[in-house]
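These are my notebook entries on a single-chain model. I set down what I looked up, entry by entry.

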Amino acid sequence: MDHRTKPAAEGGADTSAAPCPRSGDRTARRPRRTGFARRLRRTLLAAVVTAAVVVPVSAAARPEIPAPAPAVLPPLSASTLDRAYEANRADAAEAARMAADHGDRTRAAADRAMAAPSRRLLLFDGRGTGRAVEVFGDLARADRVAVLVPGSDTTLETYGRFRAGALALHDRLGPRGAVLTWLGYETPGTVSTTVLTPDRAEDAAPRLRAFLREVRAVVGRSAHLSLLCHSYGTVVCGCAAPGLDVSDIAVFGSPGTGASSASALGTSARIWAARGSADWVAHVPHTSLGLFGTTVGFGTDPVSPSFGARVFRAGAAGHSDYFAPGSESLANLTRIVLGDTSEVTRA
């Protein structure tokens, strides 16, 4: 572990924050063992066992890629943005050289792209699967700001698809808007035990809360700040939600947030939810249960009436299509970020 001060954009632990909201008290109420519940339990158990076998083998096949420790930076503010951008680009360039020397051309190319002079990085960490926070727009002057939180399988190598969504959103916001991609946590693999539990989300939530506080310090109290969360990222946002100083939280392609309802998230933000008609996550059982001493699954479907979110239309979006240019989902996400909530088309 690096015992130096954490980079400002990543944030340290927030030990005062509330734990992730839960969809129910499983110690006080044991679910009835219906036929469906038994089948679901067997299905989840099979997934856990399969992932436990597959993931360690595949992970062991790839050696650790060397990279420099993240830059130690002063607290984030309008006056320190340029310094952060320059330091993180330099780290990305050094990481690219180290990855190339290590023989990993794919990671070297990804790091090299991050080091381009046009990139504005608030965080870069080339170790492991990698972490990065990138800014699109003039953050110091923006009054409409969106922070995007990705789901599973988002790494430095696959960051391009995440970045493309941010660019598509920023193009629609105009000069008053800024978009930030927060790859501030180790995302779970789609085929893994970690994608079925809230463990990664619980680890990520304090970092996300700390980062949002720093963004608020840069943009000021009057800026409209929105949190847009995709797939497993909606679990992260659910864990981070209590007390967040944001205007809107939008979850889409969600397997559940870990909470039983929008009100259980413990935030004054407006809660929005959407799922495209071609999104496979509709077939994921939206439930949670105790298994091997941990929680498996993420509870109530956020687009269900019982959850109580403001459900907006996402058209025919597939699981990775919510930011597709010209899509209904992108149009509605843009309206949410701009604060034009009366213009959002509801499902």
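**Entry 1. Elements and overall figures.** I took helices (H or I, at least four residues) and strands (E, at least two) as DSSP runs, numbered from the N terminus. On that basis I counted 7 helices and 10 strands in the chain. I note at the outset that the model is predicted. Of the 347 residues in the chain, 53% count as buried. I then looked up the accessible surface, which comes to about 15300 Å². Carbon and sulfur atoms hold 53% of that surface. For contacts between residues at least 6 apart in sequence, I found that 70% join residues at least 24 apart.

**Entry 2. Confidence.** I read a mean pLDDT of 85 for the chain, with 80% of the residues at 70 or more. Two stretches called for a separate note. Over residues 11-18, pLDDT stays under 50, and the model has 14 contacts there beyond four places in sequence. Over residues 48-62, pLDDT likewise stays under 50, with 13 contacts beyond four places in sequence.

**Entry 3. Nonpolar cores.** Which residues have the most contacts inside the largest nonpolar core? I found Leu122, Leu139, Trp182, Leu227 and Ile249, in a core of 58 residues. Helix H5 (residues 199-219) supplies the largest share of this core, with 9 residues. The core draws at least three residues from each of domain 1 (65-128) and domain 2 (131-338). I also located a second, separate core of 36 residues, which includes Ala115, Leu148, Leu156 and Leu183.

**Entry 4. Disulfide.** My search of the whole structure returned 1 disulfide. This disulfide joins Cys229 to Cys237, with an S to S distance of 2.1 Å. The angle about the S-S bond is -95°, and the link of Cys229 and Cys237 is left-handed. Are the two cysteines buried or exposed? Cys229 has 0% relative accessibility and therefore counts as buried. Cys237 has 2% relative accessibility, so Cys237 also counts as buried. The cut-off I applied for buried is under 20% relative accessible area.

**Entry 5. Helix H7 and what follows.** I next looked up helix H7 (residues 328-338). Because 9 of its 11 residues are buried, H7 is largely enclosed by the rest of the structure. The buried residues of H7 are Ser329, Leu330, Ala331, Asn332, Leu333, Thr334, Ile336, Val337 and Leu338. What covers the buried residues of H7? I found that the cover includes strand S3 (144-149), helix H4 (159-173), strand S5 (224-230), strand S6 (248-252) and strand S7 (270-274). Just after H7, Gly339 takes a positive phi of about 85°.

Ala347 is placed in the segment after H7. With a relative accessible area of 73%, Ala347 is exposed. Leaving aside neighbours within four places in sequence, I found Ala347 in contact with Val311, Phe312 and Arg313. The C-alpha atoms of Ala347 and Val311 are 5.6 Å apart in space, while the two residues are 36 apart in sequence.

Entry 6. Asp153 is partly exposed, with a relative accessible area of 30%. Ser231 is buried, with a relative accessible area of 8%.

**Entry 7. A position in helix H2.** Ala100 is found in helix H2 (residues 81-102). At 40% relative accessibility, Ala100 counts as partly exposed. I also looked up the separation of Ala100 and Asp111, which are 11 residues apart along the chain. Their C-alpha atoms are separated by 9.8 Å.

Methods: Residues numbered from 1 in each chain as written. Predicted model: local features only at pLDDT ≥ 70, side-chain atom pairs only at ≥ 80, totals over all residues. Heavy atoms only, no water. Disulfide = S-S within 2.5 Å. Buried < 20%, exposed > 50% of the residue type's maximum accessible area, 1.4 Å probe, protein only. Contact = heavy atoms within 4.5 Å. Areas by Shrake-Rupley, 256 points an atom, 1.4 Å probe, with all protein chains shown as cover. Core = buried A, V, L, I, M, F, W, Y, C linked by side-chain atoms within 4.5 Å. Domains from an automatic or database assignment. pLDDT = per-residue confidence, 0-100.
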